[in-house]
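Subject: Structure handover and notes

Hello,

Here is the structure you asked about. Please open it and keep it beside you while you read the notes below.

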Amino acid sequence: MIKTLIVDDNLQYIKNILNTVLNKFDNINISYIATSGKEALDIISTNNIDLIFLDLKLPDFNGIELIKKINLLNSITYPSIIVISGETSLLGEFRDNQYICNIINKSENVKSIYNKVKELINELNYINYKNDIKDDVLSELSDLGYSLKYKGTYYILEAIVYIYRNNNLDLLDNLEKNVYKYIAFKNNKTINNIKTNIIKSTNLISKNNINITPKLVISNILIKLTNNYKLY
């Protein structure tokens with residue numbers, strides 16, 4: 001469960017918009033609501049918070065000051081922060097801030113806000129379960145007969161995780177362009193090298209079943225993965 005803190009002195013906005021959006025996610029718990037910077041700091045300093053929705057204009061100090069103060073708390077884990085504001089001019093100051101995960105303008109509609117929150121929630125889910133996810137994928141590949149001695153097996157793992165994190169099965173339509181290109185860049189290899197190694201690993205298990213292809217293997221494991229580790 002993702003423990004969430006909302007920092008905003010406009011309780012009506014919280015009720016009408018954020019509650020409407022956040023209630024669509026069954027793994028988000030709105031644990032705390034703060035209407036001032038000081039109240040927010042007290043909550044953060046005594047509780048483990050995963051996600052903060054932070055309004056920029058607060059009664060005591062602004063969002064920039066609060067972020068600096070949060071950073072000084074030296075928590076073991078730094079919470080993810082989504083900045084929210086109706087002040088378009090202020091939002092520009094946060095575009096390149098390393099502590100900000102996303103920015104929401106209060107004039108945005110519910111669908112736009114939902115999509116931004118969904119993107120972050122999926123990433124937080126992956127961070128929380130990434131070791132389990134990788135272990136499960138390797139176990140599936142091993143059960144199929146893939147050898148963990150081959151680089152191609154681990155490239156398939158990377159392909160599955162990449163598609164899962166992007167929550168986009170359309171990437172399967174062109175693995176070389178959409179997925180192998182990313183893996184090649186990440187590993188400082190050529191696309192052809194990635195493809196060759198994946199095919200080599202797959203050929204070892206396809207001797208008795210000529211219908212087995214990397215695309216089929218990846219898609220089947222992705223279905224199991226998304227059932228076990230829900231994405232929105």
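Is F25 buried or exposed? With a relative accessibility of 2%, F25 counts as buried. Buried means under 20% relative accessible area, exposed means over 50%, and partly exposed is in between (1.4 Å probe, protein chains only).

Two notes on the source. This is a predicted model, in which local features need pLDDT of at least 70, side-chain atom pairs count only at pLDDT 80 or more, and totals for chains, interfaces and linings use all residues. Residues are numbered from 1 along each chain as its sequence is written, and side-chain values use heavy atoms, with hydrogens and water left out.

**The sheet**

Start with the strands. Helices (H or I, at least four residues) and strands (E, at least two) are DSSP runs, numbered from the N terminus. Two strands pair if DSSP finds at least two bridges between them.

Five strands make an open sheet. Their order is β2-β1-β3-β4-β5, and the pairing is parallel. β2 and β5 (100–105) are the edge strands, each pairing on one side only. On average, neighbouring strands of this sheet are turned by 20 degrees against each other, direction ignored. Angles run from 0 to 180 degrees between N-to-C directions, and axes are lines fitted to C-alpha atoms, for helices over the stretch in contact.

Now go through the pairings:

- β1 and β2 are parallel and share six bridges. I2 has I28 in β2 as its bridge partner.
- β1 (residues 2–7) and β3 run parallel and are joined by four bridges. I6 stands opposite F53 in β3.
- β3 and β4 (residues 80–85) run parallel and are joined by five bridges. D55 has I84 in β4 as its bridge partner.

α1 lies across β1, β2, β3, β4 and β5. It runs at about 170 degrees to β2. α2 packs on the sheet and touches β1, β2 and β3. The direction of α2 makes about 135 degrees with that of β2.

S36 sits in the loop between β2 and α2 (37–46). S36 is buried, with a relative accessible area of 16%. Leaving out residues up to four places away in sequence, S36 touches V7, L58, P59 and D60. Contact means heavy atoms within 4.5 Å.

**The rings**

There are three aromatic pairs in the structure. Rings of Phe, Tyr and Trp (its six-membered ring) pair if their centres lie within 6.5 Å; planes under 30 degrees apart count as stacked, over 60 as edge-to-face and the rest as tilted.

Y114 counts as buried, at 19% relative accessibility.

Another pair is Y162 and Y182. Their centres are 4.1 Å apart and their planes are at 15 degrees, so this pair is stacked too. Y162 is in helix α6 (residues 151–166) and Y182 is in helix α7 (residues 175–187), 20 residues apart. Y182 counts as partly exposed, at 32% relative accessibility.

**The cores**

A nonpolar core is a set of buried Ala, Val, Leu, Ile, Met, Phe, Trp, Tyr and Cys residues joined through side-chain atoms within 4.5 Å. The largest one has 32 residues. V137, I160, I163, Y164, V179 and I218 touch the most other members. α5, α6, α7, α8 (191–203) and α9 (214–228) each supply at least two residues of this core. α6 gives the most, with nine residues. Apart from this core lies another, of 22 residues, including L18, L22, I84 and Y114.

Finish with L225, in helix α9. L225 is buried, with a relative accessible area of 4%. Leaving aside neighbours within four places in sequence, L225 is in contact with I133, V137, I160 and Y164.

Best wishes
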